[in-house]
Amino acid sequence: MNNRGISWLIGGAQGTGIERGASIFFTAIAMAGYYVFGKREYHSNIMGEHSYYYVRFDSKPVYSHIEKYNILASYDAETIFRHSLEGLPGSAIIYDTGYLNVKTKDVPTLDKRVREDIHGRFNNNFVSISDIIEEAKSYGIKSFPINYKEILNKVALKTGEKLSELTRMNNVIAVSASLAILKFDLAILKKAIDRVFKGRKVVVKLNSLVAEETYEMVNSLGYINEFNIKISPIENKSKRLLINGNQAIALGKLVGGCRFQTYYPITPATDESAYLEEHEILDVENYDPVKSEREILKGAGSIVVVETEDEIAAITMALGASLAGARASTSTSGPGFSLMVEGLGFAGMNEIPVVITHYQRGGPSTGMPTRTEQGDLRFVLHASHGEFPRIVIASGDISECFYDAIRCFNYAEKYQLPVIHLVDRFLAHSVETIEPFDIKSVRIDRGIIFDENDLKKLKEGGEKYKRFIFNSTGISPRIFLGTKNAVFWITGDEHDELGHITEDPVIRDKMMEKRMKKIEIAEREIPLEEKVNHFFPSYNSDLTIVSWGSTKGVILDLIDELSKEGYKIEFLQIRLMSPFPSNYVEKVLFNKKWICVENNYSGQLAGLIREKTGLKPNNLIVKYNGRPISLDEIYIAVKSILEGKSSYKVVLRGGA
Amino acid sequence: MELKLTDYRTEVHVNWCPGCGDYGILSSIQQALFELKLDPSNVAIFSGIGCSAKTPHYINAYGVHTLHGRALPYAIGAKLANPELTVLVILGDGDGLGIGAGHFVNAGRRNVDLTVILYDNGVYGLTKGQASPTLKLGLKTKSLPKPNINQAINPILLAFASGYTFIARGYAYDVPYLKYLIKEAINHKGSALVHVLQPCPVYNDINTKEWYTPRLYKLEQEGYECIITNETTEEEYLRKISLMIQKANEWGNRIPLGIFYRDLRYTTYEERIEARIPSYRLNPPAKQKISDPFGKPITYIDKILEEFLI
Ligand SMILES: Cc1ncc(C[n+]2csc(CCOP(=O)(O)OP(=O)(O)O)c2C)c(N)n1
Ligand code: SF4
Ligand SMILES: [Mg+2]
């Protein structure tokens with residue numbers, strides 16, 4: 001295995017099983033004991049447009065992708081046109097011989113820019129697949145032509161299935177051929193097929209047969225020994241989770257006690273809500289203090305998931321549920337968050353706990369719905385008129401997605417304010433093998449809540465419950481709608497302690513200060529490890545990289561490579577965006593050579609740091625073409641910064 | 001302890017204009033709650049923004065004065081999280097049928113068990129009398145610079161088309177009758193609309209008390225009744241519905257009040273959730289325990305995690 005692990009890419013038209021094929025591949029690899037990282041790139045389209053799935057794996061953890069492949073698994077012409085020249089020397093292209101004569105003009109989904117690039121490269125407007133393959137060969141890329149139809153014919157003969165029905169398994173041929181040239185254990189591949197198709201017998205059998213026939217074909221063509229990389233299983237002591245960001249957040253919400261989720265469909269947030277709805281019935285552990293035993297109560301809990309008429313309803317409905325006492329949240333992306341802003345302000349004004357999971361995607365406006373970006377940091381920090389406290393936390397990887405999802409509810413209820421969990425398209429749809437969640441370490445803190453007995457005592461003492469009572473912390477005890485022995489009022493207008501409308505200047509000041517005080521308390525109480533991840537702290541590093549969110553992975557991979565070259569790199573990943581850990585950031589960055597890396601145009605975090613600390617980075621690395629940052633491009637960028645050859649702002653432009 | 005009518009009032013100064021129809025609606029709601037003997041602590045009243053939306057502050061019950069047009073989704077969220085609550089939703093005509101029309105329509109699809117009270121004064125009261133979605137085409141109320149250029153929405157028919165399963169109309173100055181309608185609406189299982197004709201003496205100088213009084217009559221006095229059940233035949237249904245539509249469109253020398261429509265065929269949203277989640281009523285979202293006494297989460301996801309373990 002080379003030092004950047006193995007990169008594999010499968011491409012095809014949207015709706016033809018790219019994701020399924022990739023799942024089989026990375027599941028098999030993970031089953032063989034490897035760490036995998038997978039990312040999906042697709043158009044905002046249901047059928048037909050080009051889509052691809054990238055997987056990198058290694059015997060050590062992998063967190064990012066590179067722009068080049070070791071194996072390109074294709075089953076259509078477009079994938080070859082688009083990707084075949086991105087191979088590393090000695091890499092492999094697997095393709096269907098049926099496409100050899102296809103020309104660029106035969107592929108309508110090949111957009112103009114890409115087509116012209118290809119024509120320009122060949123100085124010819126009639127480039128065919130065989131031309132491209134020849135060109136690739138001249139770069140030292142090996143080609144592995146396979147007659148897909150022949151394989152399917154054999155399967156058809158053996159099973160009596162119609163050939164036309166079998167063509168949808170071309171993806172499995174591409175996957176199986178990839179594994180076959182790696183000398184990968186067929187038995188593990190079959191296990192992976194079983195797992196991906198969830199044991200659906202007929203489908204599993206058919207797909208396994210395709211895998212077998214493909215292995216045979218690869219064997220008979222003598223390809224088995226032609227590829228220089230071989231993969232054999234490695235022993236793992238403990239199991240890992242193979243999971244994506246949407247799923248990790250959904251699971252975090254369940255564990256964190258979220259019992260009401262609203263959503264209006266939007267890429268890339270919807271999968272989370274769909275997953276929650278699929279798991280709406282929950283098992284709960286009951287602890288018997290007498291026997292000091294735990295028992296599982298099957299189906300005793302639930303989460304209600306509501307698809308609303310729009311995002312305004314999504315947030316306001318979640319607020320209603322929160323007022324009634326449920327931990328409530330909603331998930332969305334930029335366009336939806338834009339609509340939620342009014343509700344966000346209401347939550348701030350009325351100190352209602354609510355969690356908004358915000359999956360950033362390419363903006364502005366509809367932007368690039370299926371592509372990633374970190375363009376909404378400033379937006380979520382400032383959204384809404386007026387001033388009120390909010391907590392914003394940005395997760396850097398899939399594990400953080402899980403734990404942060406839980407934390408968000410604690411913050412929201414403890415400090416009685418809206419919490420925005422900031423993630424992005426890249427995290428949502430990337431798959432990784434991660435360590436199992438340490439659920440035992442998690443705690444739930446619902447803050448100060450009065451129940452009917454507390455209220456009875458209050459009443460008996462001749463006192464009235466006041467929802468917004470002034471006290472030293474600014475945090476007034478909450479009660480839920482329907483709690484006996486009291487009532488409350490709330491209003492989006494400025495209000496008195498009882499929750500009735502007021503425009504009195506004295507009360508206004510006190511109420512404003514009460515609300516804002518909570519964020520100071522949060523800033524004091526939230527532990528440093530929840531605010532930042534500070535990797536390799538040092539007083540004499542060659543460079544300090546500052547970043548936030550999903551760029552974490554590629555930066556860690558980068559530091560790993562650079563440290564092997566003797567560089568000393570420090571990494572400050574900022575997680576809590578509001579309240580901002582200004583003091584700590586200032587302490588770390590003062591007098592250092594530091595750069596900021598972000599998946600946006602303007603360097604929003606760099607601006608925020610400047611605002612909070614007065615410090616300015618030495619360099620800014622940004623990327624805004626809708627694609628995540630790759631290891632190879634950031635390596636080149638940071639290397640040239642280290643060598644003092646870089647301009648202030650570096651724009652990364654990689655990605656297909 | 002026996003509840004008194006005064007137990008449903010608050011000390012907050014009521015700041016509607018003198019003669020405003022809202023006073024009558026407020027009294028009707030308070031009397032309805034009193035007569036139904038509802039514990040104020042189990043009643044949640046939601047409103048949007050407008051003169052009408054101030055109502056919750058004047059009622060001793062949980063009062064949630066929300067955003068312009070958004071009272072319904074707040075109310076639905078609360079009701080679904082705690083289905084034991086009695087939920088009332090106060091909408092202005094601009095609030096509910098203008099800015100909040102999407103929520104008004106979509107609430108009908110769900111048939112959550114709640115009561116919507118729509119204050120129809122034909123104007124945007126709180127912003128000084130602009131035309132509301134219920135003002136008829138060509139009318140020029142006091143503060144309009146030009147006659148109204150839009151046609152009017154018919155709230156009864158919109159509610160019917162949207163799926164509300166109880167639709168009634170009352171009049172702000174006829175408190176006993178409005179109280180009766182609100183009680184019926186609260187007792188109805190599902191989404192109920194009470195459309196209230198509400199004079200705004202300050203900005204609507206057309207649909208005044210003097211204008212309404214000679215025109216209003218009660219549907220039941222004419223023997224009208226429209227109840228749809230699973231037993232209703234297709235033929236009967238069509239006959240009843242066409243009469244209902246005729247009555248809903250009646251707006252001239254005669255204007256009907258009363259219960260236009262009751263549909264007993266549909267389950268509530270809560271029942272639909274319960275059909276999917278058997279423990280829902282017993283242990284609704286707002287009532288669920290989510291951690292043990294030590295703060296450890298109690299949601300058990302080991303089974304779910306198997307799908308991901310590799
Ligand atoms: C989002 C938003 N836009 C505009 C306003 C200003 N506004 C306040 S009340 C109101 C109209 C209320 O009219 P209606 O719903 O008919 O209630 P009424 O006052 O007549 O009872 C408007 C437009 C607002 N509060 N919020
Ligand atoms: S403006 Fe009209 S609706 Fe508003 S309080 Fe005055 S009379 Fe009533
Ligand atoms: Mg009005």
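Author: Two strands count as paired if DSSP finds at least two bridges between them. The model discussed here is predicted.

Reader: How do you know that strand E9 of chain A and E12(B) pair?

Author: E9(A), residues 281-288, and E12(B) are joined over two bridges. The sense is antiparallel. Within this pair, Asp283(A) stands opposite Tyr300(B).

Reader: Which strand of chain B does strand E17 of chain A pair with, and in what sense?

Author: E17(A), residues 489-491, pairs with E2(B), residues 62-65, over three bridges in the parallel sense. The cut-off is at least two bridges, so this counts as a pair. Trp489(A) has Gly63(B) of E2(B) opposite.

Reader: How many residues does each chain give to the contact between chains A and B?

Author: Chain A gives 69 residues and chain B gives 55. On the chain A side, helix H12 (residues 311-324) contributes the most, with ten residues. By class, that side has 38 nonpolar, 18 polar and 13 charged residues.

Reader: Which residues of H10(A) and H11(A) meet?

Author: Asn246(A), Gln247(A), Ile249(A), Ala250(A) and Lys253(A) of H10(A) meet Asp271(A), Glu272(A), Tyr275(A) and Leu276(A) of H11(A). Four of these residues are nonpolar, two polar and three charged.

Reader: What makes H8(A) and H9(A) roughly antiparallel?

Author: Their axes cross at roughly 155° and come within 9 Å. Angles over 145 degrees count as roughly antiparallel. Therefore H8(A) and H9(A) are given that name. H8(A) passes H9(A) in a right-handed crossing. The contact involves Leu186(A), Leu189(A), Lys190(A), Ile193(A) and Asp194(A) from H8(A), and Val204(A), Asn207(A), Ser208(A), Ala211(A), Glu212(A) and Tyr215(A) from H9(A). It divides into six nonpolar, two polar and three charged residues.

Reader: What is noted about Lys198(A), and where is it?

Author: Lys198(A) is not a glycine, yet its phi is positive, about 45°. The residue sits in the loop between H8 (186-196) and H9 (201-220) of chain A.

Reader: Why do E11 and E21 of chain A stand at the edges of their sheet?

Author: The open sheet has seven strands in the order E11-E8-E12-E13-E15-E14-E21 of chain A, with mixed pairing. E11 (304-307) and E21 each have a single partner strand, so one side of each lacks a neighbour in the sheet. From one strand to the next the twist averages 20°.

Reader: How do you know that E8(A) pairs with E11(A)?

Author: Four bridges join E8(A), residues 258-263, to E11(A), and the two run parallel. At least two bridges are needed, so the test is passed.

Reader: Which residues does a cis peptide bond join?

Author: One cis bond joins Gly363(A) and Pro364(A), with omega about -5°. Pro364(A) is in the loop between E13 (354-360) and H14 (377-382) of chain A. Another joins Ser578(A) and Pro579(A), also with omega about -5°. Pro579(A) lies between E21 (576-578) and H21 (582-589) of chain A, in a loop.

Reader: Which residues come nearest to ligand 1?

Author: Of 17 residues around ligand 1, the nearest are Gly50(B), Gly92(B), Gly94(B), Asp95(B) and Gly125(B). H3(B) supplies the largest share of the shell, three residues. By class, the shell has six nonpolar, nine polar and two charged residues.

How values were computed
Residues numbered from 1 in each chain as written. Chains lettered and ligands numbered in written order. Predicted model: local features only at pLDDT ≥ 70, side-chain atom pairs only at ≥ 80, totals over all residues. Contact = placed C-beta atoms within 7 Å. Nonpolar A, V, L, I, M, F, W, Y, C, P; charged D, E, K, R; others polar. Near = placed C-beta within 6 Å. Axes fitted to C-alpha atoms, helices over the stretch in contact; angles between N-to-C directions. Parallel < 35°, antiparallel > 145°, perpendicular 65-115°, else oblique. Left-handed = near helix turned anticlockwise from the far one by under 90°.
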